[in-house]
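Biologist: Please put up the model, and we will go through its aromatic contacts.

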Amino acid sequence: MCGRYFVDDGMERELKNAFQSVDISKFQAKAGDVCPTDLAFILTGTKEICLTQVRWGFRKKDQKDLLINARVETVKEKPMFNESMRYNRCVIPASGFYEWNKIGEKASFRPLHRKILFMAGIWQKVEDENQFTILTTVPNASVAPVHDRMPLVFDKNEVPQWLMDWKQAEELLTKRPALLERRQEFEQLSLFE
């Protein structure tokens, strides 16, 4: 599960360096945490990559529950997600994300060798508002000690594949995310004899 992520200063410059077609002139995100129901920036596109602002969380008109994550294992089959998966894929750029273990200790996760974390997502239009949700998968070795789910994370070169090519997007659903840097507020030290 991914219930909060964060953006550092300089994200817009990093996005422009990564994707020349991205217009960052409207990028006014402040550094800090992004929470469900917040407006956040996502990458979309069918011919070139674009940056747009969308609200985090799927909510249908007649529902009160907010769906902030969707499982990669079922996203193609679930009626609420299957059309978005087919036609409205997105990537959520972030500096990192948080997870909490079973006793409430928070850990942050960042990419090891770059400044942007590219998380897979899907979006939908509901009435006059666009909404997105983050796709989650089985955790890699970095996240597994903390939580049993994590965002599906892409390398930069996989972003256009996810956004613009259905067959490659289907294959990316089974991708095992690369290792991440983990920082935890409190980690218990274990000594073995």
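**Aromatic contacts**

Modeller: Before the questions, note that this is a predicted model, in which local features need pLDDT of at least 70, side-chain atom pairs count only at pLDDT 80 or more, and totals for chains, interfaces and linings use all residues. Residues are numbered from 1 along each chain as its sequence is written, and side-chain values use heavy atoms, with hydrogens and water left out.

Biologist: Is Phe97 buried or exposed?

Modeller: Buried means under 20% relative accessible area, exposed over 50%, and partly exposed in between (1.4 Å probe, protein chains only). Phe97 has a relative accessible area of 0%, so the residue is buried.

Biologist: How many aromatic pairs does the structure hold?

Modeller: Rings of Phe, Tyr and Trp (its six-membered ring) pair if their centres lie within 6.5 Å; planes under 30 degrees apart count as stacked, over 60 as edge-to-face and the rest as tilted. By that rule, the number of aromatic pairs is 8.

Biologist: Which class does the pair of Phe97 and Phe109 fall into?

Modeller: Phe109 is buried, with a relative accessible area of 0%. The ring centres of Phe97 and Phe109 are 5.2 Å apart and the planes are at 20°, so the pair is stacked.

Biologist: Which class does the pair of Phe154 and Trp162 fall into?

Modeller: Phe154 is buried at 0% relative accessible area, and Trp162 counts as buried at 0% relative accessibility. The ring centres of Phe154 and Trp162 lie 5.2 Å apart with planes at 45°, so the pair is tilted.
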